[in-house]
Amino acid sequence: MDNQKLSPKGCILVTGGCGFIGSHTVVYLLNEGYDVVVVDDLSNASEKVLDRIDTIVGDDAAERLTFVRADVADKDALETVFDEFDIDAVIHFAGFKAVGESVTKPIEYYSNNIGNTLVLVDVMRDHGCKSILFSSSATVYGDPDALPLTEASPKKACTNPYGWTKWMIEEILRSLTIADPEWNVVLLRYFNPIGAHPSGLMGEDPKGIPNNLLPYVAQVAVGRRDAVHVFGNDYDTPDGTGVRDYIHVMDLASGHVAALDWMVGRTGCEVFNLGTGKGTSVLEIIRAFSAACGRELPYVIEPRRAGDVTANYADCAKAREMLGWEAKYDIADMCRDSWNWQSKNPNGYADSNEA
């Protein structure tokens, strides 16, 4: 694709667009008619994702996708992208995301996640592009005082450096809109993204031991791991295990496009929760995944993990009322699609023989 726009809907830069949430959002953007430029250094993603995206969206839509392998913290590389493409808005996913690793590598997490954001908005400002949609997290709410969490719930102390990077980047972007009223910022606070593309061609492919529950459960289901480790069964919840708001990654992707459409012509800073509004326990997830894969999955009860909250789920009324968006998939759908992906790709993208 040259730098002439092929689409009247505009050109969107997606940082970290080869990652789990980023890749599904790119599919949604292409299907909705946007031009997309993906910048990803592939440090925690596979370039094979791009072939899968092309297969899913078809040749015509794939023409509107450009991939640039670069670190978002590389200012010269970003300058080149903004010089070559007339970028209308940015969706910013790029960042390190393993909660446990962030505790052992705080310098790397603060430097990478906050540093690349500062470089990105500096280059955006220089090129007159002042619309950014940021991939934030419900982790900024900390241990909640009351449920469900609304966008007005207080931001509280985070329990790990990963969470603090989301917390701080939100404040950095909010400060931009105060300093310069031309900025147009949307902060999307995700709850717990799971699932996979219904085709089974794309899904979550974490490097090393999965940090999140669902990929771990899926790896137990395909025999890569012996049993699911359940951290704590003495919480004040119906079955004693932690409760979270799980959202299908395709619902999350559609939420980004709804927010992007809503942003057109606006300025200021707005926050939206993206979740289902329903809490599901760890044991309920294991049961639902067992049903999806057709066998009972073994699990082991372990002591609680430091920093885990008892329960966490969203009030998504604001997104429904202002964006016209709400989650459509339920837990059974999420587990079905996750199993479809994992069973077809037992070792993730490493199974693929594609170039």
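Colleague: At the start of α12, which backbone nitrogen does a side-chain oxygen of Asp330 reach?

Modeller: This is a predicted model, in which local features need pLDDT of at least 70 and side-chain atom pairs count only at pLDDT 80 or more, while totals for chains, interfaces and linings use all residues. Residues are numbered from 1 along each chain as its sequence is written, and side-chain values use heavy atoms, with hydrogens and water left out. At the start of α12, the side-chain oxygen of Asp330 comes to within 3.2 Å of the backbone nitrogen of Ala332.

Colleague: How far apart are the end C-alpha atoms of helix α12?

Modeller: Helices here are DSSP runs of H or I with at least four residues, strands are runs of E with at least two, and both are numbered from the N terminus. The expected span of a helix is 1.5 Å times one less than its number of residues. For the 14 residues of α12 (residues 331-344) this gives 20 Å, and the model agrees, because the end C-alpha atoms are 20 Å apart.

Colleague: Which residues of α12 are buried?

Modeller: Buried means under 20% relative accessible area, exposed means over 50%, and partly exposed lies in between (1.4 Å probe, protein chains only). What covers the buried residues of α12 includes α2 (48-57), β7 (192-194), α8 (213-221), β10 (246-248), β12 (280-281) and α10 (282-293). The buried residues themselves are Ile331, Asp333, Met334, Cys335, Asp337, Ser338, Asn340, Trp341 and Gln342.

Colleague: Which residues are in contact with His248, leaving aside its neighbours within four places in sequence?

Modeller: His248 belongs to strand β10, and it is buried, with a relative accessible area of 0%. Contact means heavy atoms within 4.5 Å. With those neighbours left aside, the residues that His248 touches are Ile194, Gly195, Ala196, Tyr329, Asp333, Met334 and Asp337.

Colleague: Why is α1 described as largely enclosed by the rest of the structure?

Modeller: The buried residues of α1 are Phe20, Ile21, Gly22, Ser23, His24, Thr25, Val26, Val27, Leu29 and Leu30. The helix is largely enclosed because the buried residues number ten of the twelve.

Colleague: Is Ser23 buried or exposed?

Modeller: Ser23 is placed in helix α1, and its side chain reaches the backbone oxygen of Phe20 at 3.1 Å. Leaving aside neighbours within four places in sequence, Ser23 is in contact with Gly17, Cys18, Val49, Ile53 and Met202. Its relative accessibility is 1%, so Ser23 counts as buried.

Colleague: At roughly what angle do the axes of α1 and α2 cross?

Modeller: Axes are lines fitted to C-alpha atoms, for helices over the stretch in contact, and angles run from 0 to 180 degrees between N-to-C directions. Ser23, Val26, Val27, Leu30 and Asn31 of α1 meet Val49, Ile53, Ile56 and Val57 of α2. The axes of helix α1 (residues 20-31) and α2 come within 10 Å, and they cross at roughly 35 degrees.

Colleague: How many residues of the contact of α4 with α6 are charged?

Modeller: Helix α4 (residues 75-84) and helix α6 (residues 106-126) pack at an angle of about 35 degrees, with their axes 10 Å apart. The contact is made by Lys75, Leu78, Glu79 and Phe82 of α4, together with Val119, Leu120, Asp122, Val123, Met124 and Asp126 of α6. Ala, Val, Leu, Ile, Met, Phe, Trp, Tyr, Cys and Pro count as nonpolar, Asp, Glu, Lys and Arg as charged, and the others, Gly among them, as polar. By class there are six nonpolar residues, no polar ones, and the charged ones number four.

Colleague: What is the phi of Leu42?

Modeller: Most residues other than glycine have a negative phi. Leu42 lies in the loop between β2 (35-40) and α2, and it counts as buried at 11% relative accessibility. Leu42 is a residue other than glycine with a positive phi, near 60 degrees.

Colleague: Is the peptide bond from Leu147 to Pro148 cis or trans?

Modeller: Most peptide bonds are trans. Pro148 is found in the loop between β5 (131-137) and α7 (161-179). The bond from Leu147 to Pro148 has omega near 0 degrees and is cis.

Colleague: How far apart in space are Ile178 and Cys269, C-alpha to C-alpha?

Modeller: Ile178 is found in helix α7, and at 68% relative accessibility it counts as exposed. Ile178 and Cys269 are 91 residues apart in sequence, and their C-alpha separation in space is 8.9 Å.

Notes:
Polar contact = N/O pair within 3.5 Å; in protein donor to acceptor, adjacent residues only side chain to side chain.
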